[in-house]
Amino acid sequence: MKLNSRHVSQRWVMAVMGMLGVTMAYVMRACLGITLTQMVRPVVVVESGVTSQVHHDYCPMPQSSSRGHSKSNRTNIAEDEFRNRFDWDEKTQGEILSAFYYGYIITHLPGGILSQRFGGKHTMGFGILSTAIFTLLTPYVSYMGSRPLTILRFVEGLGEGTTFPALCTLLAQWAPPEEKGKLSTLVFAGVQIGNIFSNFLSGFIIQYIPGGWPNVFYFFGVTSLIWFVLWCLLVYNDPNSHPFISDVERDYLKQSIGSLERKKDLPPTPWLSILTSWPVWALIIVEAGHDWGGFTIVSDLPKYMSDVLHFSITENGLLSSIPYIAQWVTSILASILADRLISRQIMTVTAVRKSYAIIGTVGPGMGVMCASFVGCDKMIATLCFTLGMALMGFCYPSIRINSLDLSPNYAPTIMALVNGIGCLSGMATPYVAGILTPNVSIWTILYICCSLPSMVASLYWFIKFKINLILNTENIYVNLIKSLRMSINSK
């Protein structure tokens, strides 16, 4: 076993397992967004004294749903279909969705400190384990009432808050500079994959597996437990503690990264220097703008497609996952391009990180804003969401790994601070959307408000740190031509 394992790159094993861990974290976090549309009774609008599920000012229901049935018969069918669902109003649903982020924020800094002190393996592993256990308990607690479910989601967030600080610790130990973009993007691609699976698989399970929505939580909970066992067996805190890593890979990582042994007697975290650092605060601001838009889409896109555009559960699951597929592909291509631009010295690390951050925040804002103005056109709305989320993929080779650039030694603490403050928007956006009716114009206002913070954050990033990409275009072209000439001569 040891001899065979020498042929396997252990840093890529860590990256793949980290990606799967992030996937598990996000499917357990996000699956409630689409599952809740089948757990509760839909919004009922009263028109001229008659109870129905649609108003003429709202998006029309599909014709097939009403063909061949009188109005009274449709009402009886709806009552039979929704009798076993929870009678939770929109405000209650928003509270349930936002409760996760209240707990999620609390454990960011403790997670960073723990992973810095004891390593990222167990800090992340036990966080995902606790989330898996609470996910398995979700159906049982749901039948106890909305308040117990809200508390459960809060505790679930406590466990998952250690994920990104722990991953930062592992990447600092395992990712050499020339591969940092690819490895980090692979790890954080779990965000998009998790959102894809949480939407697509949830819709499929609810529609075709007997037992309905509880099976979603059972499936993802059990899958996460299997991941935890593999994580404990395959992943180690650093190369020096790994029993199966080859000498060649260990020596390569020592030369490229430096001393890899995790020191338990690290100096105290320089909080004053971190909190007074303008680059740190710039990263916090742009992360907050990114998260505001990202959490709005994660929590509310399934609800928008169900309540406003009236997609079926299978259509909802499929179409809600398409924007994340586009984001995943873009993040991989953008990371490959970033590493090449840096390795060939066409652009500096700073220029790549900053320009990518602007594309990754302005692009989604424009996409969401365009989607808000297309009204009830399902296909164009989906296309706008897809294009916007695709451009958000540029954030992963920039914002997500910038804490490693700022300070590799204290990257977990910086990541915890940046991601924790950024996640404050996760407390607000699900609640705001939860109190909205299916009125298209009201959702338009929400999506405009969603896009503005991202654009303002990127504008601050651009002005404060003077990204003079236009002024330096000549140098970029000169370096590009030199790189092309070297490639031609080498051939």
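Reply: A cavity is a set of points on a 1 Å grid over the protein atoms alone where a 1.4 Å probe fits but cannot get out; grid points are joined across faces, edges and corners, and a volume is the space filled by probe spheres set on the points. By this rule there are 5 cavities of 30 Å³ or more. The model is predicted, so local features need pLDDT of at least 70 and side-chain atom pairs count only at pLDDT 80 or more, while totals for chains, interfaces and linings use all residues. Residues are numbered from 1 along each chain as its sequence is written, and side-chain values use heavy atoms, with hydrogens and water left out.

The largest cavity has a volume of about 160 Å³. Its lining (residues with an atom within 4 Å of a point) consists of 20 residues, and Tyr-26, Val-191, His-290, Gly-294 and Arg-400 lie nearest its centre. Two or more lining residues come from each of the helices H2 (10-39), H9 (180-208), H13 (278-308), H14 (313-343) and H16 (378-392); helices are DSSP runs of H or I with at least four residues, numbered from the N terminus. H13 gives the largest share, 6 residues. By residue class, the lining holds 11 nonpolar, 5 polar and 4 charged residues. Here Ala, Val, Leu, Ile, Met, Phe, Trp, Tyr, Cys and Pro count as nonpolar, Asp, Glu, Lys and Arg as charged, and the others, Gly among them, as polar.

H2, one of the helices in this lining, also packs against H10: their axes (lines fitted to C-alpha atoms over the stretch in contact, with angles from 0 to 180 degrees between N-to-C directions) come within 10 Å and cross at roughly 165°. The two helices are therefore roughly antiparallel, a term for angles over 145 degrees. Their crossing is left-handed, which requires the near helix to be turned anticlockwise from the far one by less than a right angle. The contact (heavy atoms within 4.5 Å) of H2 with H10 comprises 16 nonpolar, 6 polar and no charged residues.

H10 (residues 214-234) has a further partner in H6 (residues 120-142), with the axes 8 Å apart at an angle of about 160°. H6 and H10 are therefore roughly antiparallel as well, and H6 passes H10 in a left-handed crossing. Among the residues in contact are Phe-126, Leu-129 and Leu-136 of H6 and Phe-217, Trp-227 and Trp-231 of H10. The residues of this contact divide into 16 nonpolar, 5 polar and 1 charged.

Technical notes
Angles under 35 degrees count as roughly parallel, over 145 as roughly antiparallel, 65 to 115 as roughly perpendicular and the rest as oblique. On a 1 Å grid over the protein atoms alone, a cavity is a set of points where a 1.4 Å probe fits but cannot get out, and a pocket is an open set with protein on both sides within 12 Å along at least five of seven lines; lining residues have an atom within 4 Å of a point.
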